[in-house]
Amino acid sequence: MTTATLDHAPVRARPAGFLADCIGIATRSIRAVPREIEFVVPALVVPVFFYTINIGALGPLAEANTGLDFKAFQLPVAIIFAVTGLSRASALVTDIQNGYFDRLLMTPIRRLSLLLGLMMADLVLITTLSIPVVIMGFIVGVRFETGPLGVLIFILMAGLWGLAFTGFPYAIALKTGNPAAVNTSFILFFPFAFLTTSFLPLDNLSGWLQTIARWNPVTYLLASMRSLLYGGWDFYDIGVGLLAIAIVGTVSMTLAFSALRGRLKRG
Amino acid sequence: MSIGLGAVADTAVRTEDLRRFFENTRAVDGVDLDVKTGEIYGFLGPNGAGKSTLVHVLCTLLLPTSGRAEVAGFDVAHDPVDVRLRIGVALQEASLDPAQSGIELLRLQGRLYGLTKEEVEERLKDLTRLIDIGPALGHRIKTYSGGMRRRLDLAAALVHNPQVLFLDEPTTGLDPASRVRVWDEVRRLNAEGITIFLTTQYLEEADALAHRVGIINEGHLIKEGTPTDLKRALGSDVIIARVEDGAERACNAVREVAGVDQVDVHGDELTVRALDGSAVLSPVAIALDGCGVRVRDLTLREPTLDDVFLELTGGHIQQEGTSDNGDA
């Protein structure tokens, strides 16, 4: 260390404000993403892999039996695969474990912004990662009947769905502070993504799977996203899709924010 | 209660009958503290004595189970944001994000304290000179050495010009040269008006830095005063004899020596107290020789804070396997 001294006169600490707190946390989180390439790669590879396999293996059969444009039918599924479970929850666990979370708690930051800032970052990332999947759809010939606005709403719905789902891994991260437990939140992805109309329309599903799919909110999300592709503007379907996102979001955010409250309990 | 952000309370840290219990542990049990603004207050105690828990309460990370605590004039339970605006904290383990660069971490820290961009950059100029990390400040923190992390942690604690700086065992794990540099820095910060609340298990550190020392053991504040007063209160010199075997026999023999006030045995070590140590040193050596005990070394010294602790609790501050050289 040198013999430099500190000038104490001009600086006065003050609360930064809720929005500034959220942006500070979100910016830090987004900046970290390119440094953790392992975080981004699965979100790009998994949807491309499944989309290619599904349209290659099942496409001719499905199209012959249902008359669907299977490439368009599968595009929302690829998006769901890309964005479901994508969050910075593992980074939050690292913060808890290495003490950086405590350092943040000792600043005047608003406590809610610790989570909302991360979610803001997630929304940006999820939306960004949806774009290559949509481009992949365009490359194989998928077109949106609802035009460019439909594309935007399609991506926005994917972003909102991804955001709604982030509450689960954050709840686990805050409750346990354990990276292994956060990784298990991926298991939640399977019933949401597979016990639904991922491969066939609802009417073509058999018995128990059809029953479960009727209760799965992803079924309605997929229906609304598909309507943007080949059904034209169907505001009822879009509304139901948004309602499904809202229901899942309410459950997951309730869990996440109550886990945050528990983590912040100083008693 | 409000004293205004710019105002400085006379008392930097005050606790009244402060208690913090965990399920089966009374980590802090009825502690009363009164640390004046501008002091370096050393909080000394062995591992697990309750030092870090008390710091966590004072830094608003934990609520007290009962009692009151005020920092910079604000209640830690009721006005935590007012407290946070006025304190800087470097905890025992440097609390840093290894994925960020040093400069990114400091900038974010400044923003969270509401500093403008210009204030942050101005402040960084001061701090980067102070911590002397050089170009590595732009590198990821995961590439930093332990000493660099500590210095960055200290810089992060200082970004917003705190009134009270909490340093929780700031030199644990550092080599002796780095420890001395931290000590110089602590003195310099204090000279610039920052009150420093320092916890340590190193006697030498408390002795060298603190204006006043509080000794904590098993959650209780057992003694408080200036290092000089605490040592002077013992009123005697100390002779340490390390023997190979027969410590009890040696103890009995030394007790018979004229001028010896007290003899304590801890393992193979005899602690002999005498008003005039130099006068009884030779008779003690003769007595040890006479009882057939082999002596490994015999030292006469002034009392240390460890002797104060020994007198108060019957044990040493430092744990087995640690030394005062910073080895843990």
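Visitor: What makes you say which residues B:Thr60 touches?
Guide: Two residues are in contact if their C-beta atoms, placed from the backbone, lie within 7 Å. Leaving out residues up to four places away in sequence, B:Thr60 touches A:Met106, B:Val76, B:Pro80, B:Val83 and B:Arg84. This is a predicted model, where local features need pLDDT of at least 70, side-chain atom pairs count only at pLDDT 80 or more, and totals for chains, interfaces and linings use all residues. Residues are numbered from 1 along each chain as its sequence is written, while chains are lettered from A and ligands numbered from 1 in the order in which they are written.

Visitor: Why is B:Thr60 called buried?
Guide: A residue is buried if 20 or more other C-beta atoms lie within 10 Å of its own, exposed if 12 or fewer, and partly exposed in between. B:Thr60 has 24 C-beta neighbours inside 10 Å, so B:Thr60 counts as buried. Of the 328 residues of chain B, 47% count as buried.

Visitor: Where in chain B does B:Thr60 lie?
Guide: In the loop between helix H1 (51–58) and strand S4 (66–71) of chain B. Helices (H or I, at least four residues) and strands (E, at least two) are DSSP runs, numbered from the N terminus. Chain B has eleven helices and 14 strands.

Visitor: How many residues of chain A are in contact with chain B?
Guide: 33 residues of chain A are in contact with 42 residues of chain B. On the side of chain A that touches chain B, H1(A) gives the most, with five residues.
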